[in-house]
Amino acid sequence: RMMMFSRLPVTYRLPLLVRYYSTLPPSIPHFDKILIANRGEIACRVMRTAKKHGVKTVAVYSEADANSMHVSEADESRLIGPPPARESYLRGDTIIKVAKATGAKAIHPGYGFLSENAEFAELCHKEGIVFIGPPASAIRAMGSKSASKDIMVAAGVPVVPGYHGEDQNLETLQREAAKIGYPVLIKAVLGGGGKGMRIVETPEDLDDAIQSSKREAISSFGDSRVLVEKYLRNPRHIEIQVFADTQGNVVHLFERDCSVQRRHQKVIEEAPAPHMTAELRNQMGQAAVAAAKAVGYVGAGTVEFIMDSDGTFYFMEMNTRLQVEHPITEMITQQDLVEWQLLVAAGNPLPHKQADLSIHGHAFEARIYAEDPNQNFLPGTGKLTLMDTPSPSDHIRVETGVRQGDEVSVYYDPMIAKLVVWDNGDRLSALRRLRSALDKFHVEGLQTNLAFLRQLSAHPAFEAGEVETGFIPKHSDKLLPPASEIPADWVALGTLASYLASSSSSSSSSSSSSSSSSSSSPWDTVGPMRLNHVSKRQMIWLDSAGQRIPVSISQTAPGRYTIEAKGQNIEARGNLTTPQTLTAHLNGTMYKDVKVVRQGNNLSLFYEGKSFSLSRPQDEGKSSTSSAVGSLQSPMPGKIVKINVKPGDEVQKGAALVVMEAMKMEHTIRAPTAGVVDSVRYSVNDIVEAKVVLVTLK
């Protein structure tokens, strides 16, 4: 029909268009100004759509975020408190005052923080400010995992067997867990994002899991209640994006597969789900719409299901907000979900009916975190000394709230960016784009999961779509291999790059002798310099494990070198095409456009999705900063929330000694060996820096 319409003369088309658009309901204008009660990448994401529609934005920020990206991108910004979230981003009363003072007519909560806080939604309504989200009644109904299960049962939506009662007595929880049968899953009643979630395999582990879950729940959500559910062993985590307006219309925008997780938090999401049939998609979509209608939902929401291997699915929870992974739904539906939020919050009907929506191609999202996958994905902090991303296009989105030079703070989530890719073809075509984009994403200054994401996206089982929530532990031997030694060729590349940079620096800064070594050069000349004599220069590298690697380089002809490294003689030629790009031939093998990043004594190399780091040793006369034998250090800055031992206690290997809270997660410090506690250096509620000794054993 569109083709026939486009062939009509303009004089015929215009009256038809006028007649068509005159039948549409009038659109209520967007708000003139909105406040975004969030930070980081989601604040920047909302601002992007707001600006596209001429809507002014107000940012709020803590003292830790004064120079952050979301503050600089907003039209206005206001300080709301100290770094801890409970003193800033969770202060709904303060945020309301800022909204009224700046003339913001609506508040977008983003995700996390106050986004699923019914009291905040009610406060907005009371103060005459539009909350860009569902009504407080829907948040409250779905915010309680126990109450929401009852509502779903009444609505005919299948739920996982479990205990969702109000009695939180330990004996009651023990009895209910025994009834359900192990393994069980402990979940915070008001939880989300994996916080407060614990898998319990045996009755002996239940008490500690409940107490740990309660502590994390009260810290993250202000409510210590938990529920107990049957834990399904190899399920898939599939969620349905729903949208509803104030006129009673509800649609779903298809599914996302979020099965690949670590610490119960998503790592790579995709849409549509692999191996999803049209019949099952329709069943899950209808169930999600029924769930939304059951609570009088309005706005963007996500109904999460857990699906067994036979295709049986159960309701888990409903997230009453925009999800972190919403961009992949936007890519496959070609819709702007933030724009939908603004339209619906202003009182407009949904821009499309269910029949108008369809799936186009396939999309992936990879979450790039500051964390160490080989240390159980321990979150990290630090400065982004380098952040080099693939170029955005119709196929690639980089969603981030940080820039090169910014700090990843201990106070907030350690996510650096979301890499979103889309292809209009099949899943494999989109996966190839993901792998290529990951190869072009480079971060320096702190540990990240980029290498892990590359391994994951290249795994044959992932390529085959054989995903489930236990995918990472099941394939950990391939996904988390032991750190490999740096190959001789990579040492040679680093050596050549360092030599060429040093030579370029020397020739530009000294006109007296291009071959002389400057005082700052890492290179030592071996033997006296003589005309027509090949000089050898040498230095020491340290690899990532601190092992010394002696190297030498000799220039044998203009542009040609012999490099000795790791017992090999490597014939090399090459040049720096830019200060950070090396092209070289090593024993006849070409390495084109190797990215070279120098930061002080450290040098990092990136090539074809792989990276290695080298560093120059510090002055050898300095004393070692390593801790004494038998000491246990804090892995990162954080707060001491529990101490299980005192001096003189005997402990066994693996015993939980100290529990820390950092980045809204708990981290347990365990005894590496059996021994006797010699000293405990800190107390509960103390704030500690990274790598300080907490406990010593003898």
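Student: Where is H264 found?
Tutor: H264 sits in the loop between β11 (250-262) and β12; strands here are DSSP runs of E with at least two residues, helices are runs of H or I with at least four, and both are numbered from the N terminus. This is a predicted model, where local features need pLDDT of at least 70, side-chain atom pairs count only at pLDDT 80 or more, and totals for chains, interfaces and linings use all residues. Residues are numbered from 1 along each chain as its sequence is written, and side-chain values use heavy atoms, leaving out hydrogens and water.

Student: Why is H264 called partly exposed?
Tutor: Buried means under 20% relative accessible area and exposed over 50%, with partly exposed in between (1.4 Å probe, protein chains only). H264 has 27% relative accessibility, so it counts as partly exposed.

Student: What is the phi of H264?
Tutor: Phi of H264 is near 65°, a positive value in a residue other than glycine.

Student: And why does K566 count as partly exposed?
Tutor: Its relative accessibility is 35%, so K566 counts as partly exposed too. K566 lies in the loop between β27 (560-565) and β28 (568-578), and has a positive phi of about 55° although it is not a glycine.
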